[in-house]
There are 2 protein chains.
Amino acid sequence: MSRVAIIGAGIAGLKAASTLHAKGFTQVKIFEARDRIGGRLYTVTGFDGIRKYDMGAGWHHDTLCNGLFDEEAKLQENDGSSAPFLFDDDFNIYIDKDYGRVDRHPEMRLEFIDREVEKFADMQYHQSLDIPDTSFYELIIKYLFQKKNFLSDEQIRYAPQICRFLELWHGCDWKSLSAKDTYFGHQGRNAMVLNFDVLVQRIARNFPSNWIKLNTVVNSITRRNNEVIITTTSGDTHVVDYVIVTIPQSVLELSLLDNKQLNGRIEFNPPLNEKIVKGLNSIHYGSLGKVVFEFQKATWSAESSKIVTLAQSSRKFVEIVRNSTDISTLVKDLSNLDNQEEEDCWKHPFYIINFEKINGTPSLMILTQEPVSKYIESLNNDYNKIFQYFEPILNKVMSTFNSGSVVNGIDQDVSESGNHAILKNIICSNWSSDPYSRGSYTACKPGDDGWYMIVAMNEGQDSKIRFAGEHTVMDGAGCVYGAWESGHREATYIAEHTTL
Amino acid sequence: MSRVAIIGAGIAGLKAASTLHAKGFTQVKIFEARDRIGGRLYTVTGFDGIRKYDMGAGWHHDTLCNGLFDEEAKLQENDGSSAPFLFDDDFNIYIDKDYGRVDRHPEMRLEFIDREVEKFADMQYHQSLDIPDTSFYELIIKYLFQKKNFLSDEQIRYAPQICRFLELWHGCDWKSLSAKDTYFGHQGRNAMVLNFDVLVQRIARNFPSNWIKLNTVVNSITRRNNEVIITTTSGDTHVVDYVIVTIPQSVLELSLLDNKQLNGRIEFNPPLNEKIVKGLNSIHYGSLGKVVFEFQKATWSAESSKIVTLAQSSRKFVEIVRNSTDISTLVKDLSNLDNQEEEDCWKHPFYIINFEKINGTPSLMILTQEPVSKYIESLNNDYNKIFQYFEPILNKVMSTFNSGSVVNGIDQDVSESGNHAILKNIICSNWSSDPYSRGSYTACKPGDDGWYMIVAMNEGQDSKIRFAGEHTVMDGAGCVYGAWESGHREATYIAEHTTL
């Protein structure tokens, strides 16, 4: 009877175990480095013990073709055992530091420029194969240069900052994002999950709980004849017929390094095959972060659950674009404009989820990208420093929506007055400093090509050493359902290649 | 020296003549049935002798890849000889008869359903080849049936009516539109042209004006050896080496009928080839109409230039969808719901261009689709009847934007009072009853496939009898720039296959 090891108890690993159990496998072990299951599905509880937030993945994406969503929706109808979800797509509210709201502006009509830039990118790259990739930033500058005669000053000034909203999907700054990869299609609406812990537990109930070994860090995988030998940092050795490696791409890539002491690194014997090496060298990893601000009550009144604060822009930027005569000088002149200030929250766009609109919870969740996400993690949960960093953003949001400014009530009691928003708690994700995630999910930097990695992961190291996770799928890449399907894929592969 | 005849002085014919002249041809004739050039580019003047409207095409579409737009934009910069244009993409305002405005509604979020239906259609047809085409209406019903558990009552009620906005792009009712063909991509923003007469005249200035023969109706085209013999209804015969037939597809298809007396029909000897016959039998023609309402002054205050009034919907519709258990019964039940009323302006969506926002002209232009467009034409410019038909729609728009109701001041002087909108004039297009257009432009009904027609038109009747026009191109089909490029294409073809 085939023995299977699964490395990682994230959604891919749990689904693989669930599928193996359904197919009659009995000798399965899941090695999980952390003290909990779920991986990058991670639900935490707020200061009042009631509010809950997903600090990792938060949505069912592509709900027109999302198999996990379909399964959940059916369960919701049948016995209510699904994780509750709601369709939360909403109109982005864009807030500029100086101008205020610029969304759906009757004169600027920035959303149309945003859409045109998307089409411009599409025409650059998808209608021709020989155009070299650039950063998303350079693509936007190219658009501005070519189309400036058809753009108003306000459009030149604010539209690029609106386009940057996509930084908060990839977890990367526009200057490090691949222009080829920035835009992607949505296959239907998104459904926010409230919360993913229910889903994780449901899937984990589909197989014996003693299959899961928490706090168990695998450090080597050796192929010997028809067997695979796995060792852990505590010195245990496990001999199996198959292994499904579901660790994040960011952790897998440590295997390419010589330093064997790196936390989470797995030594492969023989080393990872050539295709996998090429795949890992053709792709990067993003760093999306989440910072939750919990308030005593909602003093703001935004009509949408999606608020985007824009990076500050200047008239000088418009002037430089207007006066440009060639694109390379323009790029140079703009880069001189950039490097004048130090780290400041108005240098980046932020995506703020307004839970008050979603489910009446008086909390705002700020999504952050590299480099901000790593900077915030470096503050080591020092609430005062984190608050200090975001205070100008938060106060701008508050004043835009008729609230008084934010008062820090985390460590002291503050009495309600002047419609001030009383801050009670801050919750930060730490995906980048966490050695078992080292970031958020796959991302493409200029020149990357995710195709190699996906093909290599699908083929596996060999017939016994297999891979699953969000970085191993084409449809649903970076998404919960993609990871879930990949776990099913590998379990099915093993079932088809073995006898029980 | 090659002799060329061009049938039709629309943009395709004019561009063909312009290109032939540039290439040194001197023996060129353009036969135009009407008493004017421009074809479906047709600019008229308003009641005050100042306002102007394009009753045919009105926009440069796809401005990221529109060669005619690029040429015009360059001229605008150089010597100002272009037709003025402005980017007028704007946020649609949706008005329901009973509910009022439903655009950007914070709870209904209908625009997201609209987008999801587009993706649903895409997934139905573009990811699989063996799904039979249906009407756009049936596609939407299918979506509602499959997704009703994820839609609110308001979304089931109003979203289908918002989707119907596309009727006003194709000129067809949702029940006669091909679901496969309803959605199409926009390659960049649209630029409204003010007005196309300037462009028509500019292109006509590129070749000798005596090439154009107005009021000349061609009724036969005969291929004899290496020559083509053309006769007109006045009995003239012209012998040429090449002919470019740019008459609309709707007029060309008359050649398939036996009745030789039909106005505009051309008898081809030998008859149109098999591919062309198949092409004509695989495609239809839409009937977009325009009705301009000119007011004394603007009493309304819409923040957008795009207003869409929705067809009336009912709670009964929602109930039937909610209670449906299979799709065919649902379709049947809904069709029973439909056939209860007679012709009424609230049975159809309308797209209203608010010129007040665009250029300060106090006029509203209503775009209409079949069957309304033909009904309005049948009223024979009886202003009272036309006003009567649209009065409920106009008054709803007025009340939505803080204006008093519309007062008919066309044939009588009316004094300003109570912020009433004083109507001074109505201008109607007549593209469907005009024997030389017989509708607006190419459209796909369920089961159509436009590909056959485009290929047949590109190949031509033979090496001497060629075709141009909006129905002969893939990129820019139905658009001014597509017709313009096709004229250039055929002139270039002739130049490459002949000696001067």
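This briefing describes a predicted model with chains A and B, beginning with the overall fold and the interface and then turning to individual residues.

In this predicted model, local features need pLDDT of at least 70 and side-chain atom pairs count only at pLDDT 80 or more, whereas totals for chains, interfaces and linings use all residues. Residues are numbered from 1 along each chain as its sequence is written, chains are lettered from A and ligands numbered from 1 in the order in which they are written, and side-chain values use heavy atoms, with hydrogens and water left out.

**Overall form of chain A**

- Chain A contains 17 helices and 24 strands; helices (H or I, at least four residues) and strands (E, at least two) are DSSP runs, numbered from the N terminus.
- Along the principal axes, the C-alpha atoms of chain A fill a box of roughly 70 × 60 × 45 Å.
- Of the 500 residues in chain A, 60% are buried; buried means under 20% relative accessible area, exposed over 50%, and partly exposed in between (1.4 Å probe, protein chains only).
- Among contacts in chain A with a separation of 6 or more, 72% join residues 24 or more positions apart, a contact being heavy atoms within 4.5 Å.

**Interface of chain A and chain B**

- The interface brings 40 residues of chain A into contact with 40 residues of chain B.
- About 3,400 Å² is buried between chain A and chain B, and 58% of this area is on carbon and sulfur atoms. Buried area is the accessible area (1.4 Å probe) that two parts lose on being put together, summed over both.
- Phe91(A), Arg104(A) and Arg189(A) supply 25% of the area that chain A buries against chain B, more than any other three residues.
- The rule finds 8 salt bridges across the interface, a salt bridge being a side-chain nitrogen of Lys or Arg within 4 Å of a carboxyl oxygen of Asp or Glu.
- Arg189(B) forms a salt bridge with Glu116(A), with 3.3 Å between the closest N and O atoms.
- On the side of chain A that touches chain B, at least two residues each come from helix H2 (67-78), strand E6 (85-87), helix H3 (110-125) and helix H4 (136-147) of chain A.
- H3(A) gives the most to this side, with 7 residues.
- By class, this side of chain A has 15 nonpolar, 9 polar and 16 charged residues. Ala, Val, Leu, Ile, Met, Phe, Trp, Tyr, Cys and Pro count as nonpolar, Asp, Glu, Lys and Arg as charged, and the others, Gly among them, as polar.

**Two buried loop residues**

- Ser432(A) lies in the loop between strand E22 (421-428) and strand E23 (442-443) of chain A, and counts as buried because its relative accessibility is 16%.
- The side chains of Ser432(A) and Ser287(A) make a polar contact at 2.5 Å.
- Not counting residues up to four places away in sequence, Ser432(A) touches Ser287(A), Lys374(A), Glu377(A), Arg438(A) and Gly439(A).
- Leu272(B) is placed in the loop between strand E15 (267-269) and helix H10 (274-281) of chain B; at 10% relative accessibility, Leu272(B) is buried.
- Not counting residues up to four places away in sequence, Leu272(B) touches residues including Leu252(B), Leu256(B), Gln461(B) and Phe467(B).

**Backbone features of chain B**

- Most residues other than glycine have a negative phi, and most peptide bonds are trans.
- The peptide bond from Leu194(B) to Asn195(B) is cis, with omega near 0°; Asn195(B) is in the loop between strand E9 (191-193) and helix H8 (196-204) of chain B.
- Asn269(B) and Pro270(B) are joined by a cis peptide bond with omega of about -10°, and Pro270(B) lies in the loop between E15 and H10 of chain B.
- Asp62(B) has a positive phi, near 50°; Asp62(B) is in the loop between strand E5 (59-60) and helix H2 (67-78) of chain B and is buried, with a relative accessible area of 9%.
- Asn225(B) has a positive phi, near 50°; this residue is in the loop between strand E11 (218-224) and strand E12 (227-232) of chain B and is exposed, at 69% relative accessibility.

Notes: A polar contact is a pair of N or O atoms within 3.5 Å; within protein, one must be able to donate a hydrogen and the other to accept it, and residues adjacent in sequence count only if both atoms are side-chain atoms.
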